[in-house]
Amino acid sequence: MENQGGWTELKVTSDIAGFDTVCAVMSMLDSRLQIEDYSDLDELMLDGVYGDLIDEDVKNADKAHASASIYVPDEKPLFEYVSYLRERFSSLGIDAKIDTVGVCEEDWAENWKKYYHKMTVGNVVIVPAWEEYTPKGGEASLYIDPGMAFGTGEHETTRLVIELMQRYAPTEIGTGEGGRMLDLGCGSGILAIAASKLGFRECFAYDVDPVAVRVAKENVERNGVTNVNVGVSDLAAAVDRTEKYSLITANIVADIIIKAAPEFGGLLAEDGVLIVSGIIDERLDDVLSVLSGFGLCTSEILHDNGWCAASLKLK
């Protein structure tokens, strides 16, 4: 691959059992995967296939693990890619090793900030935590430092959810007159904070990753939103169920949305809305079909650069 600005190899290694899922998640970032998988080599050599032509180093390679790589151009926020993978693998229960070849973690953990700028999605303005901004009338401003968690607002999936959220928010921003909001797989906490700023009465944000929960709590405090509650939960396992939710968001990988599908109907208020994202276009029908089987009817679908988000209501 040629790129005047240069590339960084983002390499993920896992055991063979979870490797197909690793490749599926990575293909959501870039379908052009470079694979290193020698698990079938012994069988091929036993069958006499190319045995004499295989280098000794390859013959002795680790056959219990496999690796997949993508190449991230320098103008893209590498941090966001790594955080996305960490969160998705954590949600899927996959023990995967993530390496950035050509740059050390200390470098990209700081240097990514030069790619993170103020951005506007409808009436929501997302501002890097280290910058200042004076919101205009009718705007809801969020100050986000994603730390080591996914969610700066730059990724298409996050933007799509925030766009859809505004369809179902109270008319007057910040009134607190909306119902309860639940975010599963909260990452940096950006969606729950946005919901609070848009006027939802009480917001709950959960993530299976304790690091993401810590980062989300810091962002909640930074934004001064006292009605956002953050906690650790494997999907809906630890969710507050004292009252149903007017809005549920799940910006997570397609397979996890499908896994959580039986829970949504019982958590959603009668007139509530579910927004799902983190879905590549090719998996949308799979997700909507499963959700339909649990009593959820699709209201609207948005697409952006191969990703999609959908809003659904109870039938």
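Here is a chat about a predicted protein model, its helices, its cores and a few of its residues.

Biologist: Before we look at anything, what kind of model is this?
Modeller: It is a predicted model, in which local features need pLDDT of at least 70 and side-chain atom pairs count only at pLDDT 80 or more, while totals for chains, interfaces and linings use all residues. Residues are numbered from 1 along each chain as its sequence is written, and side-chain values use heavy atoms, with hydrogens and water left out.

Biologist: How many helices and strands are there?
Modeller: The protein has ten helices and 14 strands, where helices (H or I, at least four residues) and strands (E, at least two) are DSSP runs numbered from the N terminus.

Biologist: And how much of it is buried?
Modeller: Of the 315 residues, 52% count as buried, which is to say under 20% relative accessible area, with exposed meaning over 50% and partly exposed in between (1.4 Å probe, protein chains only).

Biologist: Which residues of α6 are buried?
Modeller: Helix α6, residues 156-165, is mostly covered, with eight of its ten residues buried; they are Glu-156, Thr-157, Thr-158, Leu-160, Val-161, Ile-162, Leu-164 and Met-165.

Biologist: How do α9 and α10 lie relative to each other?
Modeller: The axes of α9 (residues 254-267) and α10 (residues 284-293) come within 9 Å and cross at roughly 10°. Axes here are lines fitted to C-alpha atoms, for helices over the stretch in contact, and angles run from 0 to 180 degrees between N-to-C directions. The two helices are therefore roughly parallel to each other, a label for angles under 35 degrees, whereas over 145 is roughly antiparallel, 65 to 115 roughly perpendicular and the rest oblique.

Biologist: Which residues meet there?
Modeller: From α9, Ala-254, Ile-257, Ile-258, Ala-261 and Phe-264 meet Asp-286, Val-287, Val-290 and Leu-291 of α10, with contact meaning heavy atoms within 4.5 Å. These residues divide into eight nonpolar, no polar and one charged, where Ala, Val, Leu, Ile, Met, Phe, Trp, Tyr, Cys and Pro count as nonpolar, Asp, Glu, Lys and Arg as charged, and the others, Gly among them, as polar.

Biologist: Which residues touch the most other members in the largest nonpolar core?
Modeller: In that core of 53 residues, they are Leu-85, Leu-182, Phe-264, Leu-274, Val-276 and Leu-291; a nonpolar core is a set of buried Ala, Val, Leu, Ile, Met, Phe, Trp, Tyr and Cys residues joined through side-chain atoms within 4.5 Å. The largest share of this core, seven residues, comes from α9. Another core, of 37 residues, lies apart from it and includes Ala-169, Ile-193, Val-225 and Ile-275.

Biologist: What does Leu-85 touch, neighbours within four places in sequence aside?
Modeller: Leaving those neighbours out, Leu-85 is in contact with Leu-10, Val-12, Val-25, Met-26, Leu-29 and Ile-98.

Biologist: Switching topic, where is Leu-235?
Modeller: Leu-235 sits in the loop between β10 (228-232) and β11 (245-251), and it counts as buried because its relative accessibility is 17%. Leaving aside neighbours within four places in sequence, Leu-235 is in contact with Leu-184, Ile-252, Ile-256, Lys-259 and Ala-260.

Biologist: Last one: how many disulfides are there?
Modeller: A search of the whole structure finds zero, taking a disulfide as a pair of cysteine sulfur atoms within 2.5 Å. As for individual cysteines, Cys-203 counts as buried at 0% relative accessibility, whereas Cys-297 counts as partly exposed at 41%.
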